Amino acid sequence: MSSTGLSRGRRCTIASRLNASAEAAVAATSSSRGEKQKAAVARRVEYYDEEDARGEARYDVFINHRGVDTKRTVARLLYDRLVAAGVRAFLDNQSMRPGDRLDERIGEAISQCGVAVAIFSPHYCDSEYCLRELALLVESRKKIIPVFYNIKPSDLVLPQAVVESVAHHPRDIERFKFALREVKNTVGLTYDPATG
């Protein structure tokens, strides 16, 4: 128990509900938001309420992506469509809250999900986080559905700067290479933003 008299789990639940309620209130008062966005916020409120006693949500789908390329486009569109269909999806900027530990929360979401959608884009391999998430997904033997966004599977190669970097352990470089080989050999979807 803390000095407030509430357990950590109870404080997390209360914080989650306050956050979700604030989002719902903002959505309800905003005249520029449509009914679909209000419904999506209401669903997020329900998901926060469905968290288990440890404060962890359960996810059906984990969306792995490179934020600079896809966060405001295909990743967010996919997330919104999945949520609208009643699927509990994990997208970092939608599913995490202030105070969440990045590695812990993402690791939990990966371990809980049944399926992952990996959205590969031109700058995907530049991100250590993307590569670590992909390696964890492959090592966890999760079903991965690749989406090639403005990139071909043959373009998925570790940049030489990453391979030669002293910041990465050779074991990690091998993990990244293995994960990329696995998804290259998986049937996926291609999305060209120029043609839609």
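**View 1. Cys125 and Cys130, two buried cysteines.** Cys125 is buried, at a relative accessible area of 7%. Buried means under 20% relative accessible area, exposed means over 50%, and partly exposed lies in between (1.4 Å probe, protein chains only). Cys130 also counts as buried, at 4% relative accessibility. The closest cysteine sulfur to that of Cys125 is in Cys130, 8.5 Å away, too far for a bond. The view from Cys130 gives Cys125 as the closest, again at 8.5 Å and too far for a bond. A disulfide is a pair of cysteine sulfur atoms within 2.5 Å. By this rule the count is zero disulfides.

The model is predicted: local features need pLDDT of at least 70, side-chain atom pairs count only at pLDDT 80 or more, and totals for chains, interfaces and linings use all residues. Residues are numbered from 1 along each chain as its sequence is written, and side-chain values use heavy atoms, with hydrogens and water left out.

**View 2. Helices α7 and α9 pack at an angle of about 70 degrees.** Helix α7 spans residues 128-139, and helix α9 spans residues 170-184. Helices (H or I, at least four residues) and strands (E, at least two) are DSSP runs, numbered from the N terminus. The two axes lie 9 Å apart. Axes are lines fitted to C-alpha atoms, for helices over the stretch in contact, and angles run from 0 to 180 degrees between N-to-C directions. α7 and α9 are therefore roughly perpendicular. That term covers 65 to 115 degrees; under 35 is roughly parallel, over 145 roughly antiparallel, and the rest oblique.

**View 3. The contact between α7 and α9.** From α7 come Leu131, Arg132, Leu134, Ala135, Leu136, Val138 and Glu139. From α9 come Asp172, Arg175, Phe176, Phe178, Ala179, Leu180, Glu182 and Val183. Contact means heavy atoms within 4.5 Å. By class, this contact has ten nonpolar, no polar and five charged residues. Ala, Val, Leu, Ile, Met, Phe, Trp, Tyr, Cys and Pro count as nonpolar, Asp, Glu, Lys and Arg as charged, and the others, Gly among them, as polar.

**View 4. Arg141, in the loop between α7 and β4.** Strand β4 covers 143-149. Phi of Arg141 is near 60 degrees, a positive value in a residue other than glycine. Arg141 counts as exposed, at 77% relative accessibility.

**View 5. Asn150, in the loop between β4 and α8.** Helix α8 covers 160-164. Phi of Asn150 is near 60 degrees, positive in a residue that is not glycine. At 46% relative accessibility, Asn150 counts as partly exposed.
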